Amino acid sequence: MSHRATTVLFLAIIAGACAKDEAIVDVKGSCADAFKASMCTYAKTKGATLVEAGAVIPMASIENAPASVPMTWPPVADAVANMPDSALKQGGMTHLTFYWEADGHPPAAFMTPHFDFHFYLVPAAEVAAMDCKDLSKPAALPAAFTLGDIDLPPDMQKMMGVKSLVGLCVPGMGMHSLLTSEFERKDAFEGSMVIGYYKGKAIFMEPMISKAMLMKKASFDLPIPDVPGLTSAHPTKFHAEWDAAGNSYRFAFTGFTPAT
């Protein structure tokens, strides 16, 4: 073997060994108070690769949620936490907004106490400016999803000043696209992945989860659909891991795609 070939082989072995030894690094994001408990975002990286990002949801935030809350319009987030820089730069995830829906909201399946965890793919300032005056919808939706309109009952019409929510658009949030099966069901849902839109663009991924499901203290998955037109880096898998020792859930997004 020539000296050059020997050198190349040696460097390849060293590079391979370094890659194998490269450790996964935990990256802390920001924390926010959520019903007298601290909800924190995080990321995990391996070298320059983002392998996981999400949030640690303390069980106290679920258990301490009040039985009833006054309805406000537009809704006000119960907690907001920025994602780590690595989740933003490599995964397109900007921040998390947390909402407690004590009485639920339309459509029928979601009229049960539940939590909204919006993981946004656009800046917070852009979200804050969403007033639902632009009612344009995306050209295509994920398979088996719908972006329906909801007629509101008279009392909600009076408070909100609108007769219906086009595309389930909520000011300061955006439109909400649901699985058609969830949109049409009449019994209470447990957990569903919602894809958010505004001005025809995908803007968030939302694990929407009933309090009853979270109170089971058990791990679960929610499928993330293939989102047409979403070209920014984004996660493709979601897993909620129950941590009995920490009395908390770890909401983990993985399978990040590269930006195109």
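Predicted model: local features only at pLDDT ≥ 70, side-chain atom pairs only at ≥ 80, totals over all residues.
# Reading strands, salt bridges and a pocket

Visitor: What does D26 form with K44, and how far apart are the closest N and O atoms?

Guide: A salt bridge is counted when a side-chain nitrogen of Lys or Arg lies within 4 Å of a carboxyl oxygen of Asp or Glu. D26 and K44 form such a salt bridge, and their closest N and O atoms are 2.5 Å apart. The pair links distant parts of the chain, since D26 sits in strand β1 and K44 in strand β2, 18 residues apart.

Visitor: How do β1 and β2 run relative to one another, and how many bridges join them?

Guide: The two strands run antiparallel and are joined by 8 bridges, with β2 covering residues 38-46. Within this pairing, V27 has A43 of β2 as its bridge partner.

Visitor: What is the strand order of the open sheet of 6 strands, and which are its edge strands?

Guide: The order is β1-β2-β3-β15-β14-β13, and the pairing is antiparallel. The edges are β1 (24-33) and β13 (220-221), each of which pairs on one side only.

Visitor: Turning to another strand, how many residues of β6 are buried, and which of them lie on each side?

Guide: In a regular strand the side chains alternate between the two faces of the sheet. For β6 (residues 114-120), 7 of its 7 residues are buried. Both faces are covered, with H114, D116, H118 and Y120 buried on one side and F115, F117 and F119 buried on the other.

Visitor: Which strands pair with β6, and over how many bridges?

Guide: Strand β5 (residues 95-101) pairs with β6 in the antiparallel sense over 6 bridges, and here L96 stands opposite F119. Strand β12 (residues 201-210) also pairs with β6 in the antiparallel sense, over 5 bridges, and I209 in β12 is the bridge partner of F115.

Visitor: What is the volume of the largest pocket, and which residues lie nearest its centre?

Guide: Its volume is about 690 Å³. The lining comprises 34 residues, of which M71, P75, E101, G104 and H105 lie nearest the centre. Two or more lining residues come from each of β5, α5 (154-160), β10 (175-179) and β12. Divided by class, the lining has 24 nonpolar, 4 polar and 6 charged residues.

Visitor: To return to charged pairs, how many salt bridges does a search of the whole structure find, and what is the partner of K201?

Guide: The search finds 7 salt bridges. K201 forms one with E126, the closest N and O atoms being 3.1 Å apart. This pair links distant parts of the chain, with K201 in strand β12 and E126 in helix α4 (residues 124-128), 75 residues apart. K201 is partly exposed at 41% relative accessible area, and E126 is partly exposed at 31%.

Visitor: Where do D149 and K137 lie?

Guide: D149 and K137 form a salt bridge whose closest N and O atoms are 2.9 Å apart. D149 lies in the loop between β7 (145-146) and β8 (150-151), and K137 in the loop between α4 and β7, so the pair ties together parts that are 12 residues apart in sequence. Elsewhere, salt bridges that share partners join E182, R185 and D187 into one network.

Notes
Residues numbered from 1 in each chain as written. Heavy atoms only, no water. Pairing = 2+ DSSP bridges. Helix = DSSP H or I, 4+ residues; strand = E, 2+ residues; numbered from the N terminus. Buried < 20%, exposed > 50% of the residue type's maximum accessible area, 1.4 Å probe, protein only. 1 Å grid on protein atoms, 1.4 Å probe; cavity = no way out; pocket = protein on both sides within 12 Å on 5 of 7 lines; lining within 4 Å. Points joined across faces, edges and corners; volume = space filled by probe spheres on them. Nonpolar A, V, L, I, M, F, W, Y, C, P; charged D, E, K, R; others polar.
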